[in-house]
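Let us go through this model in questions and answers. Each reply ends on what was asked for.

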Amino acid sequence: MISDLVMTEHHCRHKEVAAKSVGLASYGIDIHEIRRIAHKGMMVREGKLLGHTGTRGPYPIGYDAIVPKASECNNLLVTFAISASHVAFGSTRMEPVLMILSQSAATAASQAIDDECSIQEVDYKKLRKQLLADGQLLDWTMPKKSSTTHSRAQKLSGIVVDDSQAEFTGEWSKSNGQPPLVGTTYHHDGNKAHGRKSARFKTILPASGEYEVRLLYTAHENRATNAPVIIQSADGVKTVYVNQRQPILVNRIPVSLGVFRFEAGKQARVTVSNTGTDGYVTVDGVQFVPLKIAKAERAE
């Protein structure tokens, strides 16, 4: 259905806010492929939106998106095939949203019958008051990204390089499906194109010495048990394999990749790849902690 309000990706990602909210949606934008074709010797999923793009929190769906244009029909409410773009429908199509919108639509229909008016003429103020009284959530206040990132980064010692600062090879997707330690999102490789994706973290350390290096990731049962992490330090290059199904925090401290020596003024590099991995590889950041501080943290 195409109505006076068309929900778009801008609404899903909080760049625009739909007026006259009748419910919240929050599922990430996830569009399935139309067909699978061979392209340059590889299987390509045509029509697939790469990865699961987060919505950065719940967002409202406007009343005008569930009713037709008044010139087309005045006694219909649509709670699944709502007025939405192809991309936005990838988020609004989920069952919880259908149930939420159906409750709001039923309330609007009852008020239209009682007031003997068309669906488009329902008094939104009256509808909103009833929906709130029934426990419907209509609004959501997003936290400021800068303050959230700052407060989380403050909890981590040493130097932290967020995934937003990494250099990516291949197509990685942003997500907020699991709570990240730094910032509001993390990246994952989609568990595909193995050997063709990597994320490189670089920084200049202020002082020479030994540092404990920690990979920040989001643990889950579908993660790789063998994510290769390459650390380039003053002692050379070493590869460590990380089981990302295991918790990242042990006694509230991120798991260590080991202790490495770095020289001041020279670039420290940590590269995560998906070569030979057996699940999703995620990157949330890399932490460099002076050894003295790291030992004190683990001794507490």
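Q: Which helices and strands are included in what covers the buried residues of H3?
A: This is a predicted model. The buried residues of H3 include Val 97, Leu 101 and Ala 108. Their cover includes strand E1 (21-25), strand E4 (59-62), helix H2 (86-92) and helix H4 (124-133).

Q: What arc do the buried residues of H3 cover around the axis?
A: Buried in H3 are Val 97, Leu 101, Ser 104, Ala 105, Thr 107, Ala 108, Gln 111 and Ala 112. They lie on the same side of H3, because their arc around the axis is only 160 degrees.

Q: Which exposed residues does the face of H3 turned away from its buried side carry?
A: Exposed means over 50% relative accessible area. On the face turned away from the buried side of H3, the exposed residues are Glu 95, Met 99, Ile 113 and Asp 114.

Q: How many Å apart are the end C-alpha atoms of helix H3?
A: Helix H3 runs over residues 95-115, which is 21 residues. At 1.5 Å a residue, the helix should span 30 Å. The model agrees, with the end C-alpha atoms apart by 30 Å.

Q: Is Lys 40 buried or exposed?
A: Lys 40 sits in the loop between strand E2 (35-39) and strand E3 (42-46). Its phi is positive, near 55 degrees, though Lys 40 is not a glycine. Its relative accessibility is 77%, and the cut-off is over 50%, so Lys 40 counts as exposed.

Conventions. Residues numbered from 1 in each chain as written. Predicted model: local features only at pLDDT ≥ 70, side-chain atom pairs only at ≥ 80, totals over all residues. Heavy atoms only, no water. Helix = DSSP H or I, 4+ residues; strand = E, 2+ residues; numbered from the N terminus. Buried < 20%, exposed > 50% of the residue type's maximum accessible area, 1.4 Å probe, protein only. Expected span 1.5 Å × (residues − 1). Arc of directions from axis to C-beta. Contact = heavy atoms within 4.5 Å.
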